[in-house]
Amino acid sequence: MKRLLIFAFVLCSISASASFFQGWGIMAGVTYSRQYWVYPQLDSKIKTKYILRYNAEIFGEFGNHPTFRWVTELQYNMKGAKYDAGGGMVKYKNDYAAWNNYLMIRKELFSIIPYLKIGPRLEYVWKSDQSFNQFHATASAGAGVEFVAFGPVKFLTEFHWVPDLTKSNNANNEIVEISQHAYELRVGLKFAFGGGGESCPPVYK
């Protein structure tokens, strides 16, 4: 929590170009993930079952272009999987601290601003039930909606697909290769910076 507050303070302290920094926000939601276990020597692949866990984020939005923005984000994400071992369901839980960066493509409408986000994530294993690499990379593709409102506080909702770009488990493991993919559903608030263009809803002529 302290790290998230420090990140928010840094974002709010950016004043070199008021129109460039559009605001910051917080989000939280659920993460629905599973794993693929590939056994190269056996030429076999196992798809585990999905597990439902949680995520939380703090982000900053930058750029003064009406269509294209850059969003950088710190996230705590809880992933994992379930596997039917015959005698019962085994759960694997893996928690990550991630730094996510997105290209945002947005369209300002009268009452909503729909947008797409795409970009890479660098994930650090915070704690894990499995022998995973400390760092690995994922991709992220998402869609969301910002609801236009008077004043600096905006409501957001997003959906993301997050597949692994690199193997999750140790590269020296020649028996099994594990990759993950996840879906995220989030809701949150964006606090538009007072000097930026997002502090007021768009004006149409």
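Colleague: Why is Phe20 called partly exposed?

Modeller: In this predicted model, Phe20 has a relative accessibility of 39%. Buried requires under 20% and exposed over 50%, so a value in between is called partly exposed.

Colleague: What makes Phe62 count as buried or exposed?

Modeller: The relative accessible area of Phe62 is 6%. Because the limit for buried is under 20%, Phe62 is classed as buried.

Colleague: How many aromatic pairs does the rule give, and why is the pair of Phe20 and Phe62 called tilted?

Modeller: The count comes to twelve aromatic pairs. In the pair of Phe20 and Phe62, the centres are 5.8 Å apart and the planes make an angle of 40 degrees.

Colleague: Why is the pair of Tyr32 and Tyr50 called stacked?

Modeller: Tyr32 and Tyr50 are 4.5 Å apart from centre to centre, with 10 degrees between the planes. Planes under 30 degrees apart count as stacked, so the term applies. Tyr32 belongs to strand β1 and Tyr50 to the loop between β2 (44-47) and β3, so the pair joins parts 18 residues apart in sequence.

Colleague: How do you know that Lys79 sits over the ring of Tyr96?

Modeller: The charged end of Lys79 is 5.2 Å from the centre of the Tyr96 ring, and the distance limit is within 6 Å.

Methods: Residues numbered from 1 in each chain as written. Predicted model: local features only at pLDDT ≥ 70, side-chain atom pairs only at ≥ 80, totals over all residues. Heavy atoms only, no water. Phe/Tyr/Trp six-rings, centres within 6.5 Å; stacked < 30°, edge-to-face > 60°. Buried < 20%, exposed > 50% of the residue type's maximum accessible area, 1.4 Å probe, protein only. Helix = DSSP H or I, 4+ residues; strand = E, 2+ residues; numbered from the N terminus. Lys NZ or Arg CZ within 6 Å of the ring centre and 35° of its normal.
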